[in-house]
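Visitor: Hi, I'm new to this one and would like a quick tour. Can you put it up on the screen?

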Number of protein chains: 2
Amino acid sequence: MKAKVYVKLKPSVLDPQGKAIHHSVELLGFEKVGDVRQGKYFEIALDPGLSSEEAQATAEKIARDVLANPVIEDYSVVID
Amino acid sequence: MKAKVYVKLKPSVLDPQGKAIHHSVELLGFEKVGDVRQGKYFEIALDPGLSSEEAQATAEKIARDVLANPVIEDYSVVID
């Protein structure tokens, strides 16, 4: 069983890395790109014996405690 | 129109950062976690005038040329 965790900066938080990527993308000639924001993506392999509720709860706790900084980041968890 | 780009290391490529996260997660008492792998996640705001095919093509080209290193990373693009 696999949990996918997506962590991104809250919309109100500045993202200088995303701005730098946006600038590079523009220099390379891509038009029609309004904004770029960077986040993190994690794949967590979980014990296949867990129920999907247990897997969701475990992955959310790991996301909250370890992977994301809830002060400036939002996260979402998808169980596969 | 928003493109979401997920970049992750190819399965054959070692992921020391993921291993470090896995180790921390174990030290914190989480059991039933087999493996953790870290990737990157990007949100690209695209011109709403693009068709979804054009948006997909633009986002894939940006992913290939700028966001991912195709030698060691796989990427996938989802248009929202």
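Guide: Let's go through the sheet, the helices, the contact between the chains and then a few single residues.

Visitor: Before we start, what kind of model is it?

Guide: This is a predicted model.

Visitor: Okay. What is the strand order in the sheet?

Guide: The sheet is open and has six strands, in the order β3(A)-β1(A)-β2(A)-β2(B)-β1(B)-β3(B), and the pairing is antiparallel. At the edges sit β3 (73-79) of chain A and β3 (73-79) of chain B, each of which pairs on one side only. On average, neighbouring strands of this sheet are turned by 25° against each other, direction ignored.

Visitor: And which helix packs on that sheet, touching β2 of both chains?

Guide: Helix α1 (residues 16-27) of chain A packs there, touching β2 (33-46) of chain A and β2 of chain B. The direction of α1 makes about 120° with that of β2(A). There's also helix α2 (residues 52-67) of chain B, which lies across β2 of chain A together with β1, β2 and β3 of chain B. That α2 helix runs at about 155° to β3(B).

Visitor: Back to the strands. How many bridges link β2(A) and β2(B)?

Guide: Those two pair over 13 bridges, in the antiparallel sense. For one spot to look at, find V33(A), which stands opposite L46(B) in β2(B).

Visitor: What about β1 and β2 inside chain B, how many bridges there?

Guide: Seven bridges, again antiparallel, between β1 (residues 2-9) and β2 (residues 33-46) of chain B. V5(B) stands opposite F42(B) in β2(B), and K4(B) has E43(B) as its bridge partner.

Visitor: Let's stay with E43(B). Is it buried or exposed?

Guide: E43(B) counts as buried because its relative accessible area is 11%, under the 20% cut-off. The strand around it is mostly covered too: in β2(B), 10 of the 14 residues are buried.

Visitor: Which residues does E43(B) touch?

Guide: Leaving aside neighbours within four places in sequence, E43(B) is in contact with K8(A), D35(A), V36(A) and R37(A) from chain A, plus K2(B), A3(B) and K4(B) from chain B. The side chain of E43(B) also makes a polar contact with the side chain of Y41(B), at 2.6 Å.

Visitor: New topic: how much area is buried between chain B and chain A?

Guide: About 2600 Å², and carbon and sulfur atoms give 69% of that. In chain B, F30(B), K32(B) and Y41(B) lose the most area to chain A, together 22% of what that side buries. As for contacts, 30 residues of chain B are in contact with 30 residues of chain A.

Visitor: How many salt bridges are there between the two chains?

Guide: Two salt bridges are counted between chain B and chain A. In one salt bridge the side chains of K8(B) and E43(A) meet, at 2.9 Å from N to O. The count of residue pairs in polar contact between the chains is 12.

Visitor: Which element gives the largest share of chain B's side of that contact?

Guide: That's β2(B), with 14 residues of the side that touches chain A. At least two residues each come from β1, α1 (16-27), β2 and α2 of chain B.

Visitor: You mentioned K32(B). Where is it?

Guide: K32(B) is in the loop between α1 and β2 of chain B. Its phi is near 60°, a positive value in a residue other than glycine. K32(B) is partly exposed because its relative accessible area is 46%, between the 20% and 50% cut-offs.

Visitor: And where does K32(A) lie?

Guide: In the loop between α1 and β2 of chain A. The phi of K32(A) is near 60°, and K32(A) is partly exposed at 47%.

Visitor: Last one: where is M1(B)?

Guide: M1(B) is in the segment before β1 of chain B and is partly exposed, with a relative accessible area of 34%. Beyond its neighbours within four places in sequence, M1(B) has a list of contacts including I44(B), L46(B), P48(B), A55(B) and I79(B). The C-alpha atoms of M1(B) and A57(B) are separated by 13 Å, and the two residues are 56 residues apart along the chain.

Methods
Residues are numbered from 1 along each chain as its sequence is written. Chains are lettered from A and ligands numbered from 1 in the order in which they are written. This is a predicted model: local features need pLDDT of at least 70, side-chain atom pairs count only at pLDDT 80 or more; totals for chains, interfaces and linings use all residues. Side-chain values use heavy atoms; hydrogens and water are left out. Two strands pair if DSSP finds at least two bridges between them. Helices (H or I, at least four residues) and strands (E, at least two) are DSSP runs, numbered from the N terminus. Axes are lines fitted to C-alpha atoms, for helices over the stretch in contact, and angles run from 0 to 180 degrees between N-to-C directions. Contact means heavy atoms within 4.5 Å. Buried means under 20% relative accessible area, exposed over 50%, partly exposed in between (1.4 Å probe, protein chains only). A polar contact is a pair of N or O atoms within 3.5 Å; within protein, one must be able to donate a hydrogen and the other to accept it, and residues adjacent in sequence count only if both atoms are side-chain atoms. Buried area is the accessible area (1.4 Å probe) that two parts lose on being put together, summed over both. A salt bridge is a side-chain nitrogen of Lys or Arg within 4 Å of a carboxyl oxygen of Asp or Glu.
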